[in-house]
Amino acid sequence: MAVYPGIPAPPPPRAPYAGWTRADLVALAQDLGIEGRSMMTREELISALLRE
């Protein structure tokens, strides 16, 4: 995607989980079998979920 002066960049890909609580993210991570989820921050959970 080209970047044009004066035009803001698109939102980061974390948008699908922007309104989710940490508890909701942990529950989804558990369903997906993501290891270490209980020790992750909200941002780490989002990153891990986006990799799945």
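**Packing of two helices in a predicted model**

The axes of α1 and α2 come within 10 Å of each other and cross at roughly 35°, where axes are lines fitted to C-alpha atoms, for helices over the stretch in contact, and angles run from 0 to 180 degrees between N-to-C directions. The model is a predicted one, in which local features need pLDDT of at least 70 and side-chain atom pairs count only at pLDDT 80 or more, while totals for chains, interfaces and linings use all residues. Residues are numbered from 1 along each chain as its sequence is written, and side-chain values use heavy atoms, with hydrogens and water left out.

The secondary structure of the protein chain comes to two helices and zero strands; helices (H or I, at least four residues) and strands (E, at least two) are DSSP runs, numbered from the N terminus. α1 passes α2 in a left-handed crossing, a term that applies if the near helix is turned anticlockwise from the far one by less than a right angle, the clockwise case being right-handed. On the α1 side, R22, L25, V26, L28, A29 and L32 meet R42, L45, I46 and L49 of α2, contact meaning heavy atoms within 4.5 Å. The residues of this contact divide into eight nonpolar, no polar and two charged, where Ala, Val, Leu, Ile, Met, Phe, Trp, Tyr, Cys and Pro count as nonpolar, Asp, Glu, Lys and Arg as charged, and the others, Gly among them, as polar.

The largest nonpolar core has 10 residues, namely Y17, L25, V26, A29, I34, M40, L45, I46, A48 and L49; such a core is a set of buried Ala, Val, Leu, Ile, Met, Phe, Trp, Tyr and Cys residues joined through side-chain atoms within 4.5 Å. Both α1 (22-32) and α2 (42-51) supply at least two residues of this core, and the largest share, four residues, comes from α2. Within α2, the residues L45, I46, S47, A48 and L49 are buried, that is, under 20% relative accessible area, with exposed meaning over 50% and partly exposed in between (1.4 Å probe, protein chains only). What covers the buried residues of α2 includes α1. Leaving aside its neighbours within four places in sequence, L49 is in contact with Y17, L25, L28, A29, L32 and I34.

Outside the helices, E35 lies in the loop between α1 and α2 and counts as exposed because its relative accessibility is 68%. The C-alpha atoms of E35 and A48 are separated by 9.6 Å, although the two residues stand 13 residues apart along the chain. In the segment before α1, T21 is partly exposed at 42% relative accessibility, and T21 and R42, 21 residues apart in sequence, are 8.0 Å apart from C-alpha to C-alpha. P16 also belongs to the segment before α1 and counts as exposed at 53% relative accessibility, while the C-alpha atoms of P16 and L50, 34 residues apart along the chain, are separated by 9.1 Å.

For the protein chain as a whole, buried residues make up 21% of the 52 residues. Of the contacts with a separation of 6 or more, 26% are accounted for by residues 24 or more positions apart. The chain exposes about 4000 Å², of which carbon and sulfur atoms supply 61%, accessible areas coming from the Shrake-Rupley method with a 1.4 Å probe and, for residues, only the protein chains shown counting as cover.
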